[in-house]
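Before reading on, take a moment to look at the sequence and the three-dimensional view together.

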Amino acid sequence: MAELFDAVDTLVASRSSLPPPAERRRLRHAHALTLDEVAAALDVRRATVGDWESGKTEPRPPQREAYAHLLKQLAELYPAPKSTGTPQEATAAQ
């Protein structure tokens, strides 16, 4: 029975939600991490992380779960700035 639960956990992890590519990059920069540091931690190439951040590719298991965990922790430390609206919205409100 434990094997079934492990299989389910693996399946769920394979679809861990990730922020949009631009937010991935913002979070890495906010914590002053280099592509090389993230790549080394996830055991992938630097270019692979760059591709994830550009939206060219998406991470696959087992790195996807670890990458999602990293981004979640960074998002807690560096929440996305609140939108103040576009200049057009401000003009229309006046």
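How many helices and how many strands does the secondary structure of the protein chain come to? The answer, for what is a predicted model, is six helices and zero strands, and if you follow the elements of the protein chain from the N terminus on, they run α-α-α-α-α-α. The chain has 94 residues, of which 24% are buried, and it exposes about 6,900 Å², with carbon and sulfur atoms supplying 57% of that area. Among the contacts between residues at least 6 apart in sequence, 64% join residues that are at least 24 apart.

The largest nonpolar core consists of 12 residues, namely Leu18, Leu27, Leu35, Val38, Ala39, Leu42, Val49, Trp52, Tyr67, Ala68, Leu71 and Leu74. Three helices each supply at least two residues of this core, and these are helix H3 (35-42), helix H4 (46-54) and helix H5 (63-77).

Leaving aside neighbours within four places in sequence, leucine 35 is in contact with Arg28, Arg46, Val49, Gly50 and Glu53. Valine 49 lies in helix H4 and is buried as well, with a relative accessible area of 0%. With residues up to four places away in sequence again not counted, valine 49 touches Leu35, Val38, Ala39 and Val44. Leucine 35 and valine 49 are 14 residues apart in sequence, and their C-alpha atoms are 6.4 Å apart in space. Valine 49 can also be compared with proline 59, which is 10 residues away in sequence and 8.4 Å away in space, C-alpha to C-alpha.

Is arginine 46 buried or partly exposed? Arginine 46, which is found in helix H4, counts as partly exposed because its relative accessibility is 47%, a value between the 20% and 50% limits. Not counting residues up to four places away in sequence, arginine 46 touches Leu35, Asp36 and Ala39. The C-alpha atoms of arginine 46 and threonine 34 are separated by 9.0 Å, although these residues are 12 apart along the chain.

Rolling a probe the size of a water molecule over the atoms shows where empty space is left. In this structure the count comes to one cavity of 30 Å³ or more, and the largest cavity has a volume of about 30 Å³. Which residues line the largest cavity? They are Arg24, Arg28, Val38, Glu53, Tyr67, Leu70, Leu71 and Leu74, and by class this lining has five nonpolar, no polar and three charged residues. Helix H2 (21-30) and H5 each supply at least two residues of the lining, and H5 gives the most, with four residues. Val38, Tyr67, Leu71 and Leu74 are named in this lining, and they are also named among the residues of the largest nonpolar core.

Most residues other than glycine have a negative phi, and most peptide bonds are trans. Alanine 32, found in the loop between H2 and H3, has a positive phi of about 55 degrees although it is not a glycine. Alanine 32 counts as exposed because its relative accessibility is 63%, over the 50% limit for that word. Aspartate 43, which lies in the loop between H3 and H4, likewise has a positive phi, of about 60 degrees, although it is not a glycine. With a relative accessibility of 67%, aspartate 43 also counts as exposed. Where a peptide bond is concerned, look at proline 61 and proline 62, which are joined by a cis peptide bond with an omega of about 5 degrees. Proline 62 lies in the loop between H4 and H5.

Conventions. Residues numbered from 1 in each chain as written. Predicted model: local features only at pLDDT ≥ 70, side-chain atom pairs only at ≥ 80, totals over all residues. Heavy atoms only, no water. Core = buried A, V, L, I, M, F, W, Y, C linked by side-chain atoms within 4.5 Å. Buried < 20%, exposed > 50% of the residue type's maximum accessible area, 1.4 Å probe, protein only. 1 Å grid on protein atoms, 1.4 Å probe; cavity = no way out; pocket = protein on both sides within 12 Å on 5 of 7 lines; lining within 4 Å. Points joined across faces, edges and corners; volume = space filled by probe spheres on them. Nonpolar A, V, L, I, M, F, W, Y, C, P; charged D, E, K, R; others polar. Contact = heavy atoms within 4.5 Å. Areas by Shrake-Rupley, 256 points an atom, 1.4 Å probe, with all protein chains shown as cover.
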